Amino acid sequence: MDPSIKNVEMKNKDRFLGYADVYDQARPEMPEYPIEIITRYLNKKANIVVDLGCGSGLSTTAWKNHCNAIIGIEPSDDMLLAANKKSDKNISFKKAFAHETGLSGDCADVVICSQSFHWMNPALTLAEVNRILKSGGIFAAVDYDWPPVCKWEAELAHKQLFYSKAS
């Protein structure tokens with residue numbers, strides 16, 4: 001692998017060191033509707049769902065009653081520590097990068113990236129998704145933050161528009 005790609009991965013992995021608990025409290029929980037849409041497309045209850053870049057496990061636990069098992073994949077030790085507090089018989093977490101999950105091939109009915117795909121190497125991650133996803137499975141990259149975070153100027157303009165209409 002290109003050393004510059006590896007360097008970016010390590011920086012991204014360490015970006016939230018010491019902030020996992022704050023992240024877990026501040027990050028919005030994944031809403032039900034993406035899960036409902038994905039399940040409808042799959043046309044059955046998923047056996048195994050893999051949540052790539054699961055962070056503190058917020059999006060992983062959202063799947064609890066919608067599949068038989070969910071595996072959160074996360075490279076950050078701090079995030080994994082917070083996520084593991086949410087483990088149970090159907091929810092597990094594994095330390096790995098999205099492009100090197102170490103999971104068996106053709107194991108997942110659904111692979112999801114909930115507000116995390118932008119941290120990943122797209123080509124390598126999509127190759128891994130292709131490897132672990134069962135035939136007929138669903139891959140989804142979900143963003144459920146509004147407004148989307150881009151630059152502070154855009155967020156300021158959105159707030160000014162939103163609050164000016166509210167008055």
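**Buried and partly exposed residues in a predicted model**

Helix 5, spanning residues 77-84, holds the buried residues Met79, Leu80, Ala82 and Ala83. Viewed down the axis of helix 5, these buried residues lie within an arc of 160 degrees, so they line one face of the helix. Buried here means under 20% relative accessible area, exposed over 50%, and partly exposed in between (1.4 Å probe, protein chains only). The arc is taken from the directions from the helix axis to the C-beta atoms; helices (H or I, at least four residues) and strands (E, at least two) are DSSP runs, numbered from the N terminus.

The model is predicted, with local features needing pLDDT of at least 70 and side-chain atom pairs counting only at pLDDT 80 or more, while totals for chains, interfaces and linings use all residues. Residues are numbered from 1 along each chain as its sequence is written, and side-chain values use heavy atoms, with hydrogens and water left out.

Asp51 sits in strand 1 (residues 46-52). Asp51 is buried but has no salt bridge, and Lys86, the nearest side chain of opposite charge, is 9.9 Å away.

Phe139 counts as partly exposed because its relative accessibility is 28%. The C-alpha atoms of Phe139 and Val111 are 4.8 Å apart, although 28 residues separate the two along the chain.

Note on methods: Lys and Arg count as positive and Asp and Glu as negative; His and the chain ends are not counted. A salt bridge is a side-chain nitrogen of Lys or Arg within 4 Å of a carboxyl oxygen of Asp or Glu.
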